[in-house]
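Open the model in your viewer and keep the selection panel at hand.

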Amino acid sequence: MVRAGLTTERLVRAGAELADEVGFEQVTVSALARRFDVKVASLYSHLKNSQDLKTRIALLALAELADLAAEALAGRSGKDALGAFADVYRDYALAHPGRYTAARYPLDPETAAASAGPRHAQLTRAILRGYDLPEPDQTHAVRLLGSVFHGYVSLETAGGFAHSAPDSQESWTRIVDALDSLLRNWPTR
């Protein structure tokens, strides 16, 4: 019997909130059942297992992040677009650490292709059109930006920059400036 008020969407949103509170790795169907004060078995009419829950949280996080990035990029180009895009990823990771981790959860190829993941690459490529990079350099630049943003955010959220000056925000601003300069002066072969 399906418990009144429980829906797959509500469970996934609660799972995403739980991920932000305790870490994505700690999210399970059992933990979610405890949150709703129900038996684990009552959730299996909505979710297959913990992997299904994590996949759904990952899909939610990818969609939220893509929507935020698209909104931030609207009407912007060049360095302004690059900075807005970078800030969306950093702000999302700081506000939603569990969901940010979920956005990197390995998805099977079919699920990944149907997710908001490809939108992230399209949005990054939209920024790069302002820098006039040809292929395959555009692909290299997409990978560079993703690596820098994710690397910085991962170190920052782990407390890696909390022990020294200058402030992390100052470094972030300088990094975005450096990326803009690099993209405007992309090395040719």
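Which residues in helix 4 meet which residues in helix 8? Select Leu-82, Phe-85, Ala-86, Arg-90, Ala-93 and Leu-94 in helix 4, then Leu-145, Phe-149, Tyr-152, Val-153, Glu-156 and Thr-157 in helix 8. Contact means heavy atoms within 4.5 Å; helices are DSSP runs (H or I, at least four residues), numbered from the N terminus.

This is a predicted model, in which local features need pLDDT of at least 70, side-chain atom pairs count only at pLDDT 80 or more, and totals for chains, interfaces and linings use all residues. Residues are numbered from 1 along each chain, and side-chain values use heavy atoms, without hydrogens and water.

Beyond its neighbours within four places in sequence, Leu-82 touches Ile-127, Tyr-131, Leu-145, Phe-149, Val-176, Leu-179, Asp-180 and Leu-183. Leu-82 and Leu-183 have the most contacts inside the largest nonpolar core, which has 56 residues. Such a core is a set of buried Ala, Val, Leu, Ile, Met, Phe, Trp, Tyr and Cys residues joined through side-chain atoms within 4.5 Å; buried means under 20% relative accessible area, with a 1.4 Å probe and protein chains only. Helix 3 gives the most to this core, 10 residues.

Now the rings. Phe-85, Tyr-89, Phe-149, Tyr-152, Phe-161 and Trp-172 form one aromatic cluster. Rings of Phe, Tyr and Trp (its six-membered ring) pair if their centres lie within 6.5 Å, and planes over 60 degrees apart count as edge-to-face. The count comes to seven aromatic pairs. Among them, Phe-24 and Tyr-105 are edge-to-face, 5.4 Å centre to centre with 75° between the planes.

Notes:
Buried < 20%, exposed > 50% of the residue type's maximum accessible area, 1.4 Å probe, protein only. Helix = DSSP H or I, 4+ residues; strand = E, 2+ residues; numbered from the N terminus. Phe/Tyr/Trp six-rings, centres within 6.5 Å; stacked < 30°, edge-to-face > 60°.
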